Amino acid sequence: MWVGVMMVEGGARIKLKRWQQAAVAIGSAIGALLDPRRADLIAALGETTGKPAFERVLQRMKKSPEGREVLLERPRVISAQVAHAWDLPANTFGAAYARFMGSRNFCPDERPPVRFMETDELAYVAMRAREVHDFWHTLFDLPTNLIGESTLKVIEFGQMYLPMCLMSVVGGSARFSDKQRRLFFQHYFPWAMRAGVQCTDLTSLYYEKHFHEDLEELVENGGLFLPPSLLLKSYVI
């Protein structure tokens with residue numbers, strides 16, 4: 001039985017016993033493998049397997065001036081708070097993010113709510129990690145095809161050590177063609193691991209306050225590595 005329910009923005013947060021966490025994690029993993037489009041299942045998998053990772057991210061954010069500011073103000077990546085990005089000069093990070101979202105008809109309001117974190121702080125960290133995903137797409141210039149998403153999951157693992165990220169890579173790579181699999185594991189996987197580990201702490205950035213900055217300068221100052229100039233963007237799955 002459920003042992004407690006606490007309300008958070010966007011829905012109810014549910015406290016689970018250990019066996020319930022395991023059951024949700026297993027069920028979510030199976031469901032996500034069968035249908036990778038189920039964002040709610042992927043989110044549940046990340047929450048039920050990722051508490052230690054989110055706790056580490058929280059501690060890193062508390063040690064960073066910018067991360068502490070994010071935790072204090074708790075910005076949300078929703079239309080009402082990021083709409084000004086569409087009005088910024090073309091060379092800025094904000095404008096690049098707006099182009100990324102607009103070219104795909106993505107809406108930042110469509111992320112599923114956090115349901116299985118025990119504290120408000122951890123719930124926010126999990127939500128923040130979920131919502132900045134498209135910022136990372138923009139910074140690393142990664143598309144949203146199968147190889148691009150799998151590559152970004154490797155970077156996310158290098159930054160946060162979320163088990164769900166590696167599970168997603170396993171599920172995604174199982175759908176690769178032979179050519180895509182060779183391309184991914186020979187070039188993008190090692191690049192993404194290096195990028196995720198060696199670049200700045202992306203979880204502590206207050207992205208919205210960098211919208212006005214030149215994208216190329218932001219990438220360079222953050223020590224980000226742009227992906228190999230191969231055929232990644234030609235694969236539309």
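**Around the annotated site and serine 150**

Trainee: Where is serine 150 found?
Mentor: Serine 150 is found in helix 9, which covers residues 146–160; helices (H or I, at least four residues) are DSSP runs numbered from the N terminus. This is a predicted model, in which local features need pLDDT of at least 70, side-chain atom pairs count only at pLDDT 80 or more, and totals for chains, interfaces and linings use all residues. Residues are numbered from 1 along each chain as its sequence is written, and side-chain values use heavy atoms, with hydrogens and water left out.

Trainee: Is serine 150 buried or exposed?
Mentor: Serine 150 counts as buried because its relative accessibility is 4%, where buried means under 20% relative accessible area, exposed over 50% and partly exposed in between (1.4 Å probe, protein chains only).

Trainee: And what does serine 150 touch?
Mentor: Not counting residues up to four places away in sequence, serine 150 touches Val169, Gly172, Phe176 and Phe184, a contact being heavy atoms within 4.5 Å.

Trainee: Changing topic, where does UniProt place the "binding site" feature?
Mentor: The unreviewed UniProt entry places "binding site" at His133, Asp134, His137 and Glu149; positions are given in the numbering used here, feature names are shortened, and annotations may be inferred rather than shown by experiment. These residues are spread over 17 residues of sequence but cluster in space, with a largest C-alpha distance of 10.4 Å.

Trainee: What does glutamate 149 touch, leaving out residues up to four places away in sequence?
Mentor: On that basis, glutamate 149 touches His133, His137, Pro143 and Thr144, and a polar contact of 3.1 Å joins its side chain to that of histidine 133. A polar contact is a pair of N or O atoms within 3.5 Å; within protein, one must be able to donate a hydrogen and the other to accept it, and residues adjacent in sequence count only if both atoms are side-chain atoms.

Trainee: Which helix holds aspartate 134?
Mentor: Aspartate 134 lies in helix 8, residues 133–140, and counts as buried because its relative accessibility is 9%. The side chains of aspartate 134 and arginine 111 are joined by a polar contact of 3.0 Å.

Trainee: How many residues are in the largest nonpolar core?
Mentor: The largest nonpolar core has 59 residues, and those with the most contacts inside it are Phe135, Trp136, Phe140 and Tyr207; such a core is a set of buried Ala, Val, Leu, Ile, Met, Phe, Trp, Tyr and Cys residues joined through side-chain atoms within 4.5 Å. Leaving aside neighbours within four places in sequence, the contacts of tryptophan 136 include Leu152, Ile155 and Tyr207.

Definitions and conventions:
Helices (H or I, at least four residues) and strands (E, at least two) are DSSP runs, numbered from the N terminus.
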